[in-house]
Amino acid sequence: MNRNGIHHVTAIAGNARRNVEFYTRTLGLRLVKKTVNFDDPGTYHFYYGDEVGAPGTILTFFPWDHVAPGRLGVGETQETAFRVPEGSIGYWTQRFVEKGVAHSAPVKRFGETVLSFKDPHGMRLALVGVAGIENSPAWIGTDVPAEHAIRGFHSVNLLLAEAAPTGAILTDIFGFTEIGREGSLVRFKAEGTEIGGIVDIHEAGGFLPARMGGGSVHHIAFRAADDAAEFAMVKKLQENHGIRTTEQKDRNYFRSVYFREPGHVLFEIATDVPGFAADEPAAQLGQALKLPDFLESRRAQIEAVLPEIA
């Protein structure tokens with residue numbers, strides 16, 4: 001099993017109910033964990049992914065009802081892309097028309113068909129048609145036919161003033177290699193990694209810096225097999241690049257460190273273990289509100305302030 005590539009992407013949303021409806025009913029992802037922001041427990045933290053929430057399939061959100069819209073700019077993730085079977089772009093285009101999802105006409109990028117769209121709170125997303133993934137794992141518990149279902153992440157697209165400094169982190173720390181250039185895009189790929197194995201850097205100087213808000217990506221997490229692999233990356237970051245990470249934080253389903261890469265995007269290194277079945281059976285993922293031990297004594301208070309999403 002590969003251990004490189006994207007672990008998860010975390011973004012900021014508006015209304016919680018609308019967020020759940022879009023990602024489960026429109027995109028057909030599984031809500032694999034319903035918990036809270038550990039640093040702001042009056043706010044949900046939703047995790048969406050495949051049937052088990054495998055690394056490389058997980059998109060997570062902090063939803064705040066009255067959040068101001070973010071502003072796209074340098075130092076931010078410009079687009080988060082999912083994989084779908086190559087022949088499914090037509091199905092998704094029609095689905096977006098029927099459901100009123102804002103989307104662009106499909107385009108070709110590095111030889112693949114890309115359908116860009118936005119979620120209800122302005123997050124920039126895309127579906128990329130990929131050949132030969134029809135038998136890859138997917139969540140099929142919705143009305144999206146199995147043959148068209150999303151199969152994890154394809155890539156993230158970073159809007160940066162220059163590609164080289166961030167590229168050095170991707171290659172030296174996370175095992176990516178530059179594999180191509182197309183216009184102002186530079187593509188990096190993690191060798192042997194299919195799901196979440198691509199980072200595109202859109203090199204564009206002169207833009208205003210990004211402003212976080214609704215629709216913005218808060219951070220991108222990259223995979224580490226376990227604590228030992230994570231600490232090796234931390235050591236290499238400091239020794240080779242002079243970058244210090246935060247102390248390790250226990251997120252219940254993975255253990256994480258964080259740092260700002262040279263282009264100012266917040267990167268996380270997250271362990272594959274223990275996974276989302278750590279506190280509930282795989283068959284029941286996402287059904288109950290799960291709290292970390294240090295918040296369990298406040299459950300009644302927390303549940304009283306969280307908005308209804310059913």
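In which loop is His-264 found? His-264 lies in the loop between E15 and E16. The views below show a predicted model, in which local features need pLDDT of at least 70, side-chain atom pairs count only at pLDDT 80 or more, and totals for chains, interfaces and linings use all residues. Residues are numbered from 1 along each chain as its sequence is written, and side-chain values use heavy atoms, with hydrogens and water left out.

**View 1. Loop residues with positive phi.** His-264 has a positive phi of about 85 degrees although it is not a glycine. Asn-252, likewise not a glycine, has a positive phi of about 75 degrees and is placed in the loop between E14 and E15. Asn-252 counts as partly exposed because its relative accessibility is 25% (buried is under 20% relative accessible area, exposed over 50%, partly exposed in between; 1.4 Å probe, protein chains only).

**View 2. The open sheet of 8 strands.** The strand order is E2-E3-E4-E1-E13-E16-E15-E14, with mixed pairing. Strand E2 (30-37) and strand E14 (249-250) are the edges, each pairing on one side only. Helices (H or I, at least four residues) and strands (E, at least two) are DSSP runs numbered from the N terminus, and two strands pair if DSSP finds at least two bridges between them. Strand E13 (residues 217-224) runs parallel to E16 and is joined to it by 5 bridges. Thr-271 in E16 is the bridge partner of Ala-224.

**View 3. Helices on the sheet.** Helix H1 (residues 16-26) packs on the sheet and touches strand E1 (6-13), E2, strand E3 (40-49) and strand E4 (58-63) (contact means heavy atoms within 4.5 Å). The direction of H1 makes about 10 degrees with that of E3; axes are lines fitted to C-alpha atoms, for helices over the stretch in contact, and angles run from 0 to 180 degrees between N-to-C directions. Helix H3 (residues 164-174) lies across E13, strand E15 (255-260) and E16, at about 10 degrees to E16.

**View 4. The loop between E16 and H5.** Pro-274 is placed in this loop, and a cis peptide bond with omega of about 5 degrees joins Val-273 and Pro-274. Glu-280 also lies between strand E16 (266-271) and helix H5 (299-305), and counts as buried because its relative accessibility is 8%. The side chains of Glu-280 and Lys-33 are joined by a polar contact of 2.7 Å (a pair of N or O atoms within 3.5 Å; within protein, one must be able to donate a hydrogen and the other to accept it, and residues adjacent in sequence count only if both atoms are side-chain atoms). The Glu-280 side chain also reaches the backbone nitrogen of Gly-286 at 3.3 Å.
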